[in-house]
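Colleague: Hi! I'm new to this one, could you walk me through the strands?
Modeller: Happy to, let's look at it together.
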Amino acid sequence: MTRRHFHTIIIGGGPAGMGAAISLLKDKAEVCVIDKAVFPRDKTCAGLVTAKTYRLIRALFGDENTDGIFCCSANTIRLFDRSELLTESALRQPVRLVNRRHFDNALVEEYKRNGGTMLEGEKDLKIDYEKNTVTLSDGEALSYDYLLFADGALSMAHKELRVDRRGLAFGIEAYIPARQLEVSSVDLYFGYLNSGYIWVFPHGETVCVGAADQFRRGADYRKLLTGFLSELGVDPQGVRYVGAFLPYGELIPQNRLPENVMLLGDAGGFTDPISGEGLYMSMQSGIYAAQALGTPSPKKAYLDSMEFISRTVRDGKKVQKAFYSFPIQKTFLKKVRGKNRLVAYFFEEMVDEYHYEYRSVKQLLADYKKSK
Ligand SMILES: Cc1cc2nc3c(=O)[nH]c(=O)nc-3n(C[C@H](O)[C@H](O)[C@H](O)COP(=O)(O)OP(=O)(O)OC[C@H]3O[C@@H](n4cnc5c(N)ncnc54)[C@H](O)[C@@H]3O)c2cc1C
């Protein structure tokens, strides 16, 4: 029997995998995406889409085809110190939100519509880096020129690399019917967690309430969220919680993998260590990897194009420690109380867009003062 061969095999059909897969199809490459799940599938994620992410979504779907992808949008961001409302800032442009089950499925559908091969429900893959093969659960071996791991924070490639999972964060969330909790803004609550925050985001007919923090064995995140829901006046009885890991500032050293093997998105450790935002870095890493595969040194080209993102992760990790330590955070929250415009400026310039790096916060503040 002739073995099926693909230019690129991508393990994981989330935003990182699809970022690469859709881009590679545009270059007419033979691509195969393999996922352990059958789509549509759920993914624990608050679904906040920043302006920089929105641009990537438009690039992947084509500018005209993004209607119906978003579950809602918000024009205001509010910061809280526990229950105290500190700021309420109108944003220049709305922040969008996606339901990940729907969004990820739309990406997969777009990929399939463009002729991509997708193998779903493949829970037991075996990789042979020397033979360049991926063996499926039924024993069929597929060969590849390039192998991209886009299989999330607990990537199967991490075993080979002996990645220490203590660097991960853990996030938990619950979806509350909007009739029980009326929220139309993006709300961030500080003061509850040692190294993270609680969010309340509108999601159309539901509201996403979640928390993410540096993972600590034995921490009862469910209890924390139950208590928080009670504070909001929501009866926590019968609420369903879901949880997942996310990278939190530890880049995975992928040079130890063969030259034709790369890690994308969460599998590579690419999320923002302050906000936890991962959709942008995931899709962007997929797009960069696809562009790099056509060059003489693909891995170097990929990692070079990821340098800005990698620096954001490294710098963000340093800032994370200070930002989330209670005494510093208390001072910060005291300073921003009532400063609605400053918070909007910070969000628009450093979160919605990466116009400033974490190392340039002082510059941002100076520019803000000038802009007043
Ligand atoms: C609680 C929480 C809230 C978040 N909120 C936001 C937010 O509001 N905005 C934002 O930008 N980011 C957010 N993130 C981060 C974001 O969800 C991730 O960064 C993003 O999903 C990463 O995309 P990915 O494609 O790398 O991985 P994933 O989205 O995790 O996709 C990985 C895919 O690989 C498949 N897979 C896994 N293992 C295997 C295997 N062994 N074999 C085959 N397939 C496999 C999975 O089924 C999945 O389809 C949040 C994360 C968490 C945990």
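Modeller: One term before we start: two strands pair if DSSP finds at least two bridges between them. Also, keep in mind that this is a predicted model.
Colleague: Thanks! In what order do the eight strands of the open sheet come?
Modeller: The order is S3-S5-S4-S11-S12-S13-S10-S14, and the pairing is mixed.
Colleague: Which strands stand at the edges?
Modeller: Those are S3 (48-49) and S14 (241-247). Each has a single partner strand, so one side of each has no neighbour in the sheet.
Colleague: How many bridges join S4 to S5?
Modeller: Nine, with S4 (residues 72-81) and S5 (residues 84-97) running antiparallel. As an example, alanine 74 has valine 95 in S5 as its bridge partner.
Colleague: And which helix lies across S4 and S5?
Modeller: That's H10 (residues 340-352), which runs at about 40° to S5.
Colleague: Changing topic: what about S9? Do S1 and S9 run parallel or antiparallel?
Modeller: Parallel: six bridges join S1 (residues 5-11) to S9 (residues 141-149). Phenylalanine 6 has tyrosine 144 in S9 as its bridge partner.
Colleague: What do S8 and S9 form?
Modeller: A hairpin, with five residues between the two strands. Glycine 139 in the turn has a positive phi of about 95°. S8 (residues 133-135) runs antiparallel to S9, and three bridges join them. Threonine 133 is partnered with serine 143 in S9.
Colleague: In what sense do S9 and S15 pair?
Modeller: In the parallel sense, over three bridges, with S15 covering residues 261-263. There, leucine 147 has valine 261 in S15 as its bridge partner.

How values were computed: Residues are numbered from 1 along each chain as its sequence is written. This is a predicted model: local features need pLDDT of at least 70, side-chain atom pairs count only at pLDDT 80 or more; totals for chains, interfaces and linings use all residues. Helices (H or I, at least four residues) and strands (E, at least two) are DSSP runs, numbered from the N terminus. Two residues are in contact if their C-beta atoms, placed from the backbone, lie within 7 Å. Axes are lines fitted to C-alpha atoms, for helices over the stretch in contact, and angles run from 0 to 180 degrees between N-to-C directions.
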